[in-house]
Amino acid sequence: MAKKTLTGPRPGEPVSELLPPRPSLPAVREIAKDCKACDLYKRGTQTVFGEGPKRAEIMMVGEQPGDAEDIAGHPFVGPAGQLLDRALAEAGIDRSRVYLTNVVKHFKWEPRGKRRIHAKPNAAEIGACRPWLETEIALVRPRLLVCLGATAAQALLGRSFRVSQQRGTFVESSLAPLVIATVHPSSILRAPDEDSRRSEMQEFVGDLEKIRRALDKAQPRTTGDD
Ligand code: SF4
């Protein structure tokens with residue numbers, strides 16, 4: 001039951017208390033703007049909710065918005081998002097088929113000089129934010145869900161999931177008919193030299209090509225499409 005008041009949610013008020021009885025993506029995106037369910041709302045500029053077609057075939061889930069996303073208010077628009085766009089194009093996946101979101105919707109950072117350095121969200125922050133992600137998955141109902149990086153993979157597929165060992169392999173999950181994990185594009189940007197960056201990009205594009213082939217083979221969604 002929505003309890004949004006003129007003053008907005010209380011600090012610590014759980015997301016479950018904010019969700020309307022019959023949520024829609026535009027409605028939850030609007031409500032999430034005022035979320036204070038964990039302390040990250042104090043640190044980020046704004047909530048960065050997921051974006052993409054409301055019935056996207058593919059949902060990609062990263063860890064959290066970065067510095068550029070926090071300022072822009074849109075997911076995957078910074079350097080990692082641009083790399084993801086290039087990889088999707090190389091793999092032959094139309095970006096318009098993809099809904100992009102994150103496990104945590106506020107940017108967690110630590111100051112270093114004048115820069116804001118990414119800090120990993122903890123289990124309590126991931127847990128507090130999870131109902132937003134669950135609502136996105138329930139509303140978009142992707143045919144294929146991709147976890148980008150260890151934080152997303154462990155949040156959605158279990159703490160023992162190892163992206164380094166299990167990337168590029170479809171796993172059983174109730175989240176979507178097809179579920180897979182690969183690296184987060186930011187890890188490719190952090191590669192120590194040009195050669196390793198190139199080979200990691202190739203491997204990433206290889207995982208995305210596997211995703212495209214799996215979708216091409218799978219039955220198209222026939223009910224509730226729009
Ligand atoms: S990170 Fe998630 S749970 Fe925490 S305040 Fe932001 S939107 Fe709410």
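On a 1 Å grid over the protein atoms alone, a cavity is a set of points where a 1.4 Å probe fits but cannot get out, and a pocket is an open set with protein on both sides within 12 Å along at least five of seven lines; lining residues have an atom within 4 Å of a point. A molecule sits in a cavity or pocket if more than half of its atoms lie within 2 Å of its grid points. The space taken by the ligand is, on these terms, the largest cavity.

This is a predicted model, in which local features need pLDDT of at least 70 and side-chain atom pairs count only at pLDDT 80 or more, while totals for chains, interfaces and linings use all residues. Residues are numbered from 1 along each chain as its sequence is written, and side-chain values use heavy atoms, with hydrogens and water left out.

**Ligand shell**

- Helices (H or I, at least four residues) and strands (E, at least two) are DSSP runs, numbered from the N terminus.
- In strand β6 (residues 178–182), 5 of 5 residues are buried.
- L178, I180 and T182 cover one side of β6, and V179 and A181 the other.
- Strand β5 (residues 144–148) runs parallel to β6, joined by 5 bridges; two strands pair if DSSP finds at least two bridges between them.
- T182 in β6 is the bridge partner of L148.

**Cysteines**
- With a disulfide taken as a pair of cysteine sulfur atoms within 2.5 Å, the count is 0.
- C147 is in no disulfide, and the nearest cysteine sulfur, that of C129, is 15 Å away.
- C147 is buried, at 0% relative accessible area.

**Single residues**
- F76, in the loop between α3 (67–72) and α4 (79–91), has a positive phi near 55° and is buried at 5% relative accessibility.
- R141, in the loop between α5 (123–140) and β5, has a positive phi near 50° and is partly exposed at 35%.
- R10, in the segment before α1 (15–18), is exposed at 54% relative accessible area.

Technical notes:
Buried means under 20% relative accessible area, exposed over 50%, partly exposed in between (1.4 Å probe, protein chains only).
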